Amino acid sequence: MNSPKTRVALVASTALLAACGPAPSVTAAPAPGNGRPSVALAWFDTTADTIAKAGPSLPAVANNRTWAVSWIAAARALQHVPSGVDRREYQDAALAAAVHRALVELVPSRAPELDAALQQTLDQTPDGPAETLGSAAGERQALKVLHEREGDGLDAASVNAPFTVPPAAPGVWQPTPPAFAPAIQNGNRFARPFLLKSASQFRLPAPPAPTSKRYQTDLKEVRDFGALNSAVRTARQTDTATFWLDSSPTLWTKPMRVALAATSRQPLRKQAELVALANATLVDTQIATSDSKYTHQLWRPVTAIRAGVGEIPADPSWTPLRPTPAHPDYPSGHNTYAGAAETVLTALVGPRTAPFTLTSATAPGVVRTYTAWHQLTRENLDARVWLGIHTRLADEAGVKLGTDVARYSLDHTRSLFQER
């Protein structure tokens with residue numbers, strides 16, 4: 001190949017397709033038996049790197065939206081292979097072109113790196129009709145999915161729509177110390193889901209009253225185990241809390257890659273669908289989480305403990321292990337994310353996996369090993385209590401909500417990959 005096959009060439013090839021009829025740190029993609037690298041893993045790594053380099057400009061839900069849009073386009077591009085062309089050559093080009101084009105549109109600052117990644121994939125694909133048609137299919141599907149998702153309310157400004165704080169009262173959310181920052185992620189609940197019928201489809205029931213036995217028990221647990229200078233929290237519990245303080249999208253990227261690698265013997269379309277479905281589900285989970293959070297508006301433990309409620313006396317100086325995020329307690333977003341991710345990965349690759357390691361930006365130098373997706377959920381659930389930022393009832397409700405959304409997504413997978 002003497003010249004780069006860039007976006008311009010992909011657009012030009014669309015006409016040929018139409019004429020012939022019906023695309024955390026990670027390691028490099030391993031090479032399959034024939035010596036060619038896994039295109040799915042290579043572009044998973046490229047997607048992860050692109051989003052990581054976008055930095056704080058992407059809210060968590062927009063992070064997963066970027067993944068979902070890119071890989072839905074890839075999965076759709078892989079549904080049909082024209083007769084008379086090599087299947088693998090066509091599909092490799094289609095997947096690469098779809099993810100490339102979507103990412104260039106969504107994270108334009110990374111266009112040079114994405115162009116180089118596309119060139120590398122196409123350099124490993126023989127020139128000819130299969131490559132040309134596959135590239136055009138990927139390009140076309142990326143543009144279609146991008147168009148479908150225009151105005152879905154998942155941009156940064158919409159996600160953080162202003163929220164009017166209600167008057168202070170027992171059980172009602174108020175900005176939390178030390179920053180007393182305005183509420184965030186209120187706008188997620190107004191966004192358009194990928195698969196859910198509405199943000200409120202799996203809305204949680206109201207949490208127990210602050211004076212109820214369940215709430216009092218859980219608040220005492222946070223007070224004792226989640227305090228900055230807790231006398232009962234063990235070193236291991238502190239380590240777990242700190243490890244899972246990192247963002248959910250970041251911490252679940254590696255497990256998702258492990259799941260993708262486990263499907264290496266499945267058709268490439270199925271591999272793309274795994275990544276697409278997981279991330280579309282996680283977007284919908286965050287939308288549903290915002291709906292329940294801002295419907296019930298339950299105060300955070302730090303507010304309750306400092307004010308005192310029921311049998312728990314006021315402790316105005318109580319401070320959690322880590323500062324509390326600026327949104328209501330119920331449910332825990334980290335745990336809705338974990339419940340959804342665990343459910344999807346279990347359904348698609350089974351509950352257990354070969355041992356894999358995980359690191360966290362909030363726990364430098366710490367390496368943890370896992371062999372089952374539920375281990376990650378269990379640690380998430382405990383961690384938010386030991387951080388002092390969530391009640392256990394909020395954590396358990398989060399796992400349930402995420403699980404409910406994921407089960408619905410799994411039952412309606414086909415609609416995600418149908419062209420609108």
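This is a predicted model: local features need pLDDT of at least 70, side-chain atom pairs count only at pLDDT 80 or more; totals for chains, interfaces and linings use all residues.
User: What share of the residues in the chain is buried?

Analyst: A residue counts as buried when its relative accessible area is under 20%. The chain has 420 residues. The buried share comes to 57%.

User: How many helices and how many strands does the chain have?

Analyst: The secondary structure consists of helices and strands. Two strands are present. The helices number 17.

User: What radius of gyration does the chain have, and what does the globule rule give?

Analyst: For 420 residues the globule rule gives 22 Å. The chain is close to that, so it is as compact as a globular protein of that length. Along the principal axes, its C-alpha trace spans about 75 × 40 × 35 Å. The radius of gyration itself is 23 Å.

User: Which residues touch the most other members of the largest nonpolar core?

Analyst: This core holds 82 residues. Helix 12, residues 268-296, gives the largest share of them, with eleven residues. The members with the most contacts inside the core are W43, W71, L95 and W244.

User: Which residues does W71 touch, leaving out those up to four places away in sequence?

Analyst: W71 is one of the core members that touch the most others. Contact here means heavy atoms within 4.5 Å. With residues up to four places away set aside, W71 touches A40, W43, F44, T47, L95, V99, A272, V275 and A276.

User: How far apart are the closest N and O atoms of K53 and D49?

Analyst: Both residues lie in helix 2, residues 39-54. They sit four residues apart, about one turn of the helix. Residues three or four places apart in an α-helix point the same way, because there are 3.6 residues a turn. The two form a salt bridge, and the N to O distance is 2.9 Å.

User: Is K53 buried or exposed?

Analyst: The cut-off for exposed is over 50% relative accessible area. K53 has 51%.

User: Which residues are linked with D49 and K53 in a network of salt bridges?

Analyst: The structure holds 22 salt bridges. The one between K53 and D49 is among them. The network that links D49 and K53 also takes in R110 and E113.

User: Are R149 and D152 buried or exposed?

Analyst: The side chains of R149 and D152 meet in a salt bridge, 3.0 Å from N to O. R149 has a relative accessible area of 5%. D152 has 4%. With the limit at under 20%, R149 and D152 both count as buried.

User: How many residues apart in sequence are the parts that E396 and R214 tie together?

Analyst: E396 and R214 form a salt bridge, with the closest N and O atoms 3.0 Å apart. E396 is in helix 16, residues 392-411, while R214 is in helix 8, residues 213-225. Both are partly exposed, E396 at 36% and R214 at 34%. The pair ties together parts whose separation in sequence is 182 residues.

User: How many of the 20 residues of helix 16 are buried?

Analyst: At 1.5 Å a residue, helix 16 should span 28 Å. Its end C-alpha atoms are 29 Å apart, which agrees. The helix is largely enclosed by the rest of the structure, because its buried residues number 15.

User: Which residue does a cis peptide bond join to P177?

Analyst: Omega at this bond is about 5 degrees. Another cis bond runs from Y330 to P331, with omega near 0 degrees. P331 is in the loop between helix 13 and helix 14. The residue joined to P177 is P178.

User: What is the phi of F180?

Analyst: F180 lies in the loop between helix 7 and helix 8. The residue is partly exposed, at 48%. Its phi is positive although F180 is not a glycine. The value is near 50 degrees.

Conventions. Residues are numbered from 1 along each chain as its sequence is written. Side-chain values use heavy atoms; hydrogens and water are left out. A nonpolar core is a set of buried Ala, Val, Leu, Ile, Met, Phe, Trp, Tyr and Cys residues joined through side-chain atoms within 4.5 Å. Buried means under 20% relative accessible area, exposed over 50%, partly exposed in between (1.4 Å probe, protein chains only). A salt bridge is a side-chain nitrogen of Lys or Arg within 4 Å of a carboxyl oxygen of Asp or Glu. The radius of gyration is taken over C-alpha atoms; the globule rule is 2.2 Å times the number of residues to the power 0.38. The expected span of a helix is 1.5 Å times one less than its number of residues.
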